[in-house]
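The structure comes first, then the text.

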Amino acid sequence: MENKSLLATALVGKTHGLDGFLRIVSLSGGYDHLAVLDRAVVKTREGRRIDVEIEDVLFHKDSFLMKFSSFNTPEKARVLSGGVMYITRDKAPVLEEGEYYVADLYGLEAVVDGKVVGVVEDTSEGSQALLLHVRRNDGSIRLVPNMAPFIGKRDFDAGRIEILMPEVLE
């Protein structure tokens, strides 16, 4: 989702039981912030955005379950299954010093020696680090590991990220 005020926080899994509960898998591994939510946005597998009101949450064995108002049967709830749950930043866990949300990387200008050479458009999981999808000024996309020695300063206020090894963009 392009809206930077919303953060992906969980995956919506399969239905559970007859009342429309769905299994929820936290993207951060934490569930405390999910347990107190009253609203969220679910982006379905088909790309549809659905604003949902959270009616109930349960911990059942090793699963975290959520029930959404108006999705009170397994058939209705199945529409949300396979989607991604987004929350507003004010409902997200508080970050420690030096931490940031992956969503904050999107749109940063990639800079080499003070010169803008591209923009971070997307990310994906790499074997050792998150990979930044940098669209270079010529339109091509290069994957850059989001770790030292490839990345230097991340300046979110200025909207820039420093690329220390420009050869990864070649």
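Strands are DSSP runs (E, at least two residues), numbered from the N terminus, and two of them pair if DSSP finds at least two bridges between them.

Residues are numbered from 1 along each chain as its sequence is written. The model is predicted, so local features need pLDDT of at least 70 and side-chain atom pairs count only at pLDDT 80 or more, while totals for chains, interfaces and linings use all residues; side-chain values use heavy atoms, without hydrogens and water.

Strand β1 (residues 6-16) pairs with strand β6 (residues 84-88) in the antiparallel sense over five bridges. L6 stands opposite T88 in β6.

| Residue | Relative accessible area | Class |
|---|---|---|
| L11 | 38% | partly exposed |
| H133 | 18% | buried |

L11 lies in strand β1. Together with V25 and L27, L11 makes a nonpolar surface patch of about 250 Å²; patch residues have over 30% relative accessible area and no salt bridge, and nonpolar side chains are joined within 5 Å.

H133 belongs to strand β9 (residues 130-136). A polar contact (N or O atoms within 3.5 Å) of 2.9 Å links the side chains of H133 and S124.

Definitions and conventions
Helices (H or I, at least four residues) and strands (E, at least two) are DSSP runs, numbered from the N terminus. Patches are made of residues with over 30% relative accessible area and no salt bridge: like charges are joined within 9 Å, nonpolar side chains (Val, Leu, Ile, Met, Phe, Trp, Tyr) within 5 Å. Accessible areas come from the Shrake-Rupley method with a 1.4 Å probe; for residues, only the protein chains shown count as cover. A salt bridge is a side-chain nitrogen of Lys or Arg within 4 Å of a carboxyl oxygen of Asp or Glu. Buried means under 20% relative accessible area, exposed over 50%, partly exposed in between (1.4 Å probe, protein chains only). A polar contact is a pair of N or O atoms within 3.5 Å; within protein, one must be able to donate a hydrogen and the other to accept it, and residues adjacent in sequence count only if both atoms are side-chain atoms.
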